[in-house]
Amino acid sequence: MKVTAAVFEEAGKELVVQELELDDPKDGEVLVRLAASGVCHSDYHVVKGEWGSPSPLVLGHEGAGVVEAVGPGVTTVEVGDHVVLSWVPYCGHCKYCNTGRPALCPQVQESAYQSVMLDGTTRLTRDGEPVYSYCATGSFADRVVVPETGAIPIRKDAPLEKVALIGCAVATGVGAVINTAKVQAGDTVLVIGCGGVGLSVVMGAALVSAGKIIAVDINDDSLARARSLGATTTINSAKTDLADVLHDLVGPDGVDWAFEAIGLKRTIETAFQSIRPGGTAVIVGQAADGVTVEIDPLVMSDREKSMIGSSYGTCHPAVDFPRLVDLFMEGKLDLDVLIARTGTIHDINKAFAAMGSGEAARTVIAY
Ligand code: APR
Ligand code: ZN
Ligand code: ZN
């Protein structure tokens with residue numbers, strides 16, 4: 001069948017919207033008609049050339065839609081199901097899956113992270129040549145074929161164009177707080193970077209009744225969004241010295257938790273420098289290939305300061321996505337605040353331009 005998709009060819013070049021051929025779902029795969037896809041900085045890392053990637057490639061990994069067909073052997077999804085796409089198509093039986101860490105499943109590294117399906121091939125072609133699907137998701141297309149464990153059924157009364165964001169930003173950000181860090185009520189939380197991911201960290205912190213929630217960005221609009229999601233203090237670090245404000249707010253020791261949601265050397269180091277003895281910096285943002293950071297290991301041992309990583313919010317998509325959808329439907333997660341603008345697939349390059357110019361939060365592409 002023909003699909004309309006935004007195709008990435010080469011770093012630094014605009015995506016091109018064109019028709020591609022999509023095969024039927026094979027064993028263990030499902031065909032999903034997408035309602036919407038969010039545009040995430042992880043797509044932009046590829047566009048900017050900060051992460052190597054095969055091409056031609058359909059980017060996008062934060063989608064939701066309706067299942068139109070299932071391949072042989074599919075048991076967990078049915079035609080007509082509403083699904084949020086997940087970019088960790090886990091195997092379900094390795095040691096990582098069995099201990100609730102599907103983002104670490106080797107099958108995910110070998111398929112989604114290589115932008116191919118579980119059998120190493122692609123379902124998309126252009127003039128007979130393979131076209132890759134980013135994260136085995138490729139949600140900048142009106143239809144996708146994905147592995148069964150990459151399509152998570154959710155309740156049918158949830159608006160797909162909003163809950164699409166649960167497939168990356170919300171799972172990543174809220175999950176970092178409730179699954180990775182397990183922040184306790186009253187803990188002090190610093191969030192550096194308030195795009196879709198960082199705002200979701202703020203939402204997660206508010207959800208668990210964190211104490212002070214201090215949000216940092218260089219964009220005042222992003223900070224206003226953070227305030228409306230529960231940040232108790234916002235700091236524009238381009239205008240104000242973060243260390244000074246933190247000292248006034250939490251004293252010389254620092255915060256219990258510092259979440260970095262950008263992926264820059266400087267801000268990762270700032271996150272570590274901002275935590276109290278015994279505190280933890282949680283690295284949620286993903287750095288460009290080759291970036292390294294400098295931290296003082298003596299501070300880690302003597303002051304028991306930690307730095308930990310969080311991938312996909314340590315989520316188990318099959319359990320966490322429906323739960324996050326419920327929280328949204330109950331009014332406990334405000335996804336509207338995360339969405340700065342909506343558009344069509346033809347607005348995809350404008351969405352990246354907005355991200356590159358530092359405009360706030362997410363674009364959602366509707367199909
Ligand atoms: N200091 C503070 N804030 C900054 C700085 C900085 N030096 N540089 C950028 N920011 C802010 C931007 O203003 C923006 O609000 O960080 C935010 C980043 O948001 P997005 O570009 O929307 O990125 P997002 O999609 O939220 O992803 C953030 O998480 O999953 C990863 O790959 C993803 O590394 C990316 C990160
Ligand atoms: Zn596994
Ligand atoms: Zn993402």
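A residue counts as buried under 20% relative accessible area, as exposed over 50%, and as partly exposed in between. On that scale Met329, at 29% relative accessibility, counts as partly exposed. The structure described here is a predicted model. Met329 belongs to helix α11, which covers residues 317–329. Residues up to four places away in sequence aside, Met329 touches Arg155, Asp157, Ala158 and Pro159.

His346 gives another case. This residue is found in the loop between β17 (339–343) and α12. Its relative accessibility is 58%, so His346 counts as exposed. His346 and Asp220 are 126 residues apart along the chain. Their C-alpha atoms are separated by 28 Å.

The metal site was examined next. Three residues coordinate the zinc ion (ligand 3): Cys40 through SG, His61 through NE2 and Cys168 through SG. The distances run from 2.0 to 2.3 Å. Along the chain the donors follow the spacing C-x20-H-x106-C.

Helix α6 spans residues 196–207. With 12 residues at 1.5 Å a residue, α6 should span 16 Å, and its end C-alpha atoms are 16 Å apart, so the two values agree. The helix is mostly covered, with 10 of its 12 residues buried. The buried set comprises Gly196, Val197, Gly198, Leu199, Ser200, Val201, Val202, Met203, Gly204 and Ala205. These buried residues pack against helices α5 (169–181) and α7 (220–228). They also pack against strands β11 (189–192), β12 (213–217), β14 (255–260) and β18 (362–366). Just after α6, Ser209 takes a positive phi of about 60 degrees.

Two further residues have positive phi. Asp127, which is not a glycine, has a phi of about 50 degrees. It is found in the loop between β7 (124–126) and β8 (129–133). Asp127 has a relative accessible area of 78% and is therefore exposed. Tyr312, also a residue other than glycine, has a positive phi near 50 degrees. Tyr312 lies in the loop between β16 (306–309) and α11. Its relative accessible area is 1%, so Tyr312 is buried.

A cis peptide bond joins Ser55 and Pro56. Its omega is about -5 degrees. Pro56 is placed in the loop between α1 and β4 (57–58).

Rolling a probe the size of a water molecule over the atoms shows where empty space is left. Across the whole structure, the search finds two cavities of 30 Å³ or more. The largest cavity holds about 80 Å³ of space. Its lining has 15 residues, and Leu22, Arg123, Leu124, Ser133 and Val145 lie nearest its centre. Strand β9 (residues 143–147) gives the largest share of this lining, three residues. By class, the lining of the largest cavity has seven nonpolar, six polar and two charged residues.

The second largest cavity holds about 40 Å³. Its lining consists of Val39, Arg341, Ala351, Ala354, Met355, Glu359, Ala360, Ala361 and Thr363. Helix α12 (residues 348–356) supplies the largest share, three residues. This lining divides into six nonpolar, one polar and two charged residues.

About 320 Å³ lies in the second largest pocket. Of the 17 residues that line this pocket, Trp51, Tyr113, Tyr134, Cys135 and Gln286 are the closest to its centre. The lining of the second largest pocket has nine nonpolar, seven polar and one charged residues.

Note on methods
Residues numbered from 1 in each chain as written. Chains lettered and ligands numbered in written order. Predicted model: local features only at pLDDT ≥ 70, side-chain atom pairs only at ≥ 80, totals over all residues. Heavy atoms only, no water. 1 Å grid on protein atoms, 1.4 Å probe; cavity = no way out; pocket = protein on both sides within 12 Å on 5 of 7 lines; lining within 4 Å. Points joined across faces, edges and corners; volume = space filled by probe spheres on them. Helix = DSSP H or I, 4+ residues; strand = E, 2+ residues; numbered from the N terminus. Nonpolar A, V, L, I, M, F, W, Y, C, P; charged D, E, K, R; others polar. Expected span 1.5 Å × (residues − 1). Buried < 20%, exposed > 50% of the residue type's maximum accessible area, 1.4 Å probe, protein only. Contact = heavy atoms within 4.5 Å. Donors = N, O, S within 2.8 Å, 3.2 Å for Na, K, Ca; no water.
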